Amino acid sequence: MTTTLIKNIGSLVTNDPAQGDGSRLGLVEDAAVVLEGDRIAWVGTNATAPSADESYDAEGRAAIPGFVDSHSHLVFAGDRTQEFNARMSGRSYSAGGIRTTVAATRAATDAELEANLLRHLHEARRQGTTTFETKSGYGLTVADEARALRIAAAHTDEVTYLGAHIVSPDYADDPAGYVALVTGEMLDACAPYARWVDVFCEKGAFDGDQARAILTAGKAKGLIPRIHANQLSFGPGVQLGVELGAASADHCTHLTDADVDALANSETVATLLPGAEFSTRAQWPDARRLLDAGATVALSTDCNPGSSYTSSMPFCIALAVRDMGMTPDEAVWSATAGGARALRRTDIGTVTPGARADLALLDAPSHVHLAYRPGVPLVSAVWQRGARVA
């Protein structure tokens, strides 16, 4: 296999405390990395770097692990520009929200859905994202949910069945019937394409009993739970997710002390999605409260056409530092290693020998610039599985 030496890295975030300065970020100054095939073969100082078949001069730039975006909704058609414009203009708007996207997605061809997915993946990759999770949830029929997952599974291993996004408009008068569909025929059709099962546990979507039934049925099919929890109001989502061994509870905006304690004393990651609060002018999640309690926190984009239409992990890092009480170090860790924890992966989110060779080079001397220079396209090169892709 061809080896590639990336040399003259000014500051390297490894997320391995055994490296470099011994901090959680494992910073190595004046660093170098050797890639072999799709894996990291060596990490150390530039002065001790071995030779390789090829080399790339980072010219003093900082490098970080590729971002791990552990929560997105990328299989959809259309957009909701008018809804966003009305919300930002203080006008009422009642065109249907998620139902608007459901109608557009159902009407789209497979080729159109895949082209839109790929457009967003390429956009995210240019900004340093090398691993992404994505969900169904805009079809809400057996056939449309299954095709969304089939399309997604062709492009990522991290595919989530979210038939329980909202109650399908077709079952508006029979939510129990829709839960039966989601836990029965739809689950049977979707499980072969998915790794995860998810549910939007919220007023107006699915209550605690319905969410429990949906996640339990998914577990029986071999899917691992994750949960949309406590985004719009206080509720049972976080504690239900912890009880059922969910890999992550996502949003976590409205938390009681008991919710925070449950997360801090479990393996369930609190995945925070600041793009949603930015785009809806909602209350920010309190990352500081979670971190101080000892919970594991991930950051993700929640990229979707309605409430968080951004694919930029650097933007989410800047928001988390500015408005959620995170330090730059914490935010970068949460957007890389934290996302890996939320996906229960040990091969990504770090720059250590044996890890997948995913790396983002910044046109800046330090990872802190991701928060320090918000909105600036700082990612200058990206390696994914050992190949340069941007």
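I looked up which helix gives most to the lining of the largest pocket: α10 has the largest share, three residues. The model is predicted, with local features needing pLDDT of at least 70 and side-chain atom pairs pLDDT 80 or more, while totals for chains, interfaces and linings use all residues. Residues are numbered from 1 along each chain as its sequence is written, and side-chain values use heavy atoms, without hydrogens and water.

I noted the terms. A pocket is an open set of points on a 1 Å grid over the protein atoms alone, where a 1.4 Å probe fits, with protein on both sides within 12 Å along at least five of seven lines; lining residues have an atom within 4 Å of a point. Helices (H or I, at least four residues) and strands (E, at least two) are DSSP runs, numbered from the N terminus.

**Largest pocket.** I read its space as about 590 Å³, the volume filled by probe spheres set on the grid points, which are joined across faces, edges and corners. I found 30 lining residues, with Ile98, Phe200, Gln231, Leu232 and Ser307 nearest the centre. Besides α10 (274–280), α1 (81–88) and α2 (98–107) each supply at least two lining residues.

**Second largest pocket.** I read about 350 Å³ here. Of its 25 lining residues, Leu121, Thr130, Phe132, His155 and Gln384 are the closest to the centre. I see at least two lining residues each from α3 (110–126) and β7 (129–135); α3 gives the most, six residues.
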